[in-house]
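Visitor: I would like to go through this model with you, asking at each step what a term rests on.

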Amino acid sequence: MQIPIRHPRFEGQNLSVQTAGLFRGARVLHYGNPVEKRKGRYAVRTNRGERVLIQLKGNLLDPIPKVIFGNETIVLARPLIWYE
């Protein structure tokens, strides 16, 4: 499943997160292509050409991670409640 990342710095770009599968973790996609992961972070360029490091923060039971770049955190979907 692909979930788009909506942020003003990446407006017009096709930036999304592919959720974790059975044998691999979640990853960042840029125009449908996987972004290379280095030291737990993904390097992506903004609309202005600035390089931003994106980190995915997951939860063991929740397949949809939070997206962190710099000091900003984007929640793609509400977290699961304990009984879900």
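Visitor: What makes strand β7 and β8 a pair, and in which sense do they run?

Guide: This is a predicted model, in which local features need pLDDT of at least 70, side-chain atom pairs count only at pLDDT 80 or more, and totals for chains, interfaces and linings use all residues. Residues are numbered from 1 along each chain as its sequence is written, and side-chain values use heavy atoms, with hydrogens and water left out. Strands are DSSP runs of E with at least two residues, numbered from the N terminus, and two of them pair if DSSP finds at least two bridges between them. Strand β7 (residues 51-57) and β8 have 4 bridges in the antiparallel sense, so they meet that definition.

Visitor: Which residue of β8 is the bridge partner of I54?

Guide: The partner of I54 is F69.

Visitor: How many aromatic pairs does a search of the whole structure find?

Guide: The search finds 1 aromatic pair.

Visitor: Why is the pair of F10 and F69 called edge-to-face?

Guide: Rings of Phe, Tyr and Trp (its six-membered ring) pair if their centres lie within 6.5 Å, and planes under 30 degrees apart count as stacked, over 60 as edge-to-face and the rest as tilted. The ring centres of F10 and F69 are 5.6 Å apart and their planes stand at 85 degrees, so this pair is edge-to-face. F10 lies in the loop between β1 (2-4) and β2 (15-18), whereas F69 belongs to strand β8 (residues 66-69), 59 residues apart.

Visitor: Are F10 and F69 buried or exposed?

Guide: Both are buried, a term for under 20% relative accessible area, with exposed over 50% and partly exposed in between (1.4 Å probe, protein chains only).
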